[in-house]
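Please keep the structure open while reading.

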Amino acid sequence: DVQLVESGGGLVQPGGSLRLSCAASGFGFSNFWMFWVRRAPGKGLEWVSTINIDGGYQRVADSVKGRFTISRDNAKNTLHLQMTSLKADDTAVYYCVRDGGWGLFGDWGQGTQVTVSS
């Protein structure tokens with residue numbers, strides 16, 4: 001069965017950095033595009049970033065462009081999101097998501113909380 005386990009969240013001050021990780025198991029990780037999606041308090045889901053199968057193509061939302069970088073290590077079945085210059089608006093639960101094909105999100109992790117506050 002598919003398992004996606006996020007880690008690395010926590011409390012950080014504005015302007016700080018944080019690196020999120022997602023440990024994948026139960027499927028052929030290297031055969032799937034992956035995504036990061038977030039939900040801020042009281043708000044809906046927001047797509048954050050996309051990465052293709054081999055990591056050669058990366059896309060981030062305009063709201064985080066220049067600050068966040070998505071990457072993957074297929075040998076270790078892990079997905080990462082390097083977050084820098086964090087803002088209060090980045091406060092959210094961050095989810096690792098597997099591509100479902102046909103323009104759909106597939107399986108989701110449990111999420112990891114990121115809180116940006118002084």
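The model is predicted. The count of disulfides comes to 1. C22 is joined to C96, with an S to S distance of 2.1 Å. The partners lie in distant parts of the chain, 74 residues apart: C22 belongs to strand β3 (residues 18–25) and C96 to strand β9 (residues 92–101). The torsion about the S-S bond of C22 and C96 is about -70°, so the disulfide is left-handed. C22 counts as buried at 1% relative accessibility, and C96 is buried at 0%.

The count of salt bridges comes to 4. Among them are these pairs:

| Pair | N to O distance |
|---|---|
| R38 and D90 | 3.0 Å |
| R67 and D90 | 2.7 Å |
| D107 and R98 | 2.9 Å |

A network of salt bridges links R38, E46, R67 and D90. For the salt bridge of R67 with D90, R67 is in the loop between β6 (58–60) and β7 (68–73), and the two residues are 23 residues apart.

How buried are these network residues? R38 counts as buried at 5% relative accessibility, D90 at 1% and R67 at 10%.

Definitions and conventions: Residues are numbered from 1 along each chain as its sequence is written. This is a predicted model: local features need pLDDT of at least 70, side-chain atom pairs count only at pLDDT 80 or more; totals for chains, interfaces and linings use all residues. Side-chain values use heavy atoms; hydrogens and water are left out. A disulfide is a pair of cysteine sulfur atoms within 2.5 Å. Helices (H or I, at least four residues) and strands (E, at least two) are DSSP runs, numbered from the N terminus. Buried means under 20% relative accessible area, exposed over 50%, partly exposed in between (1.4 Å probe, protein chains only). A salt bridge is a side-chain nitrogen of Lys or Arg within 4 Å of a carboxyl oxygen of Asp or Glu.
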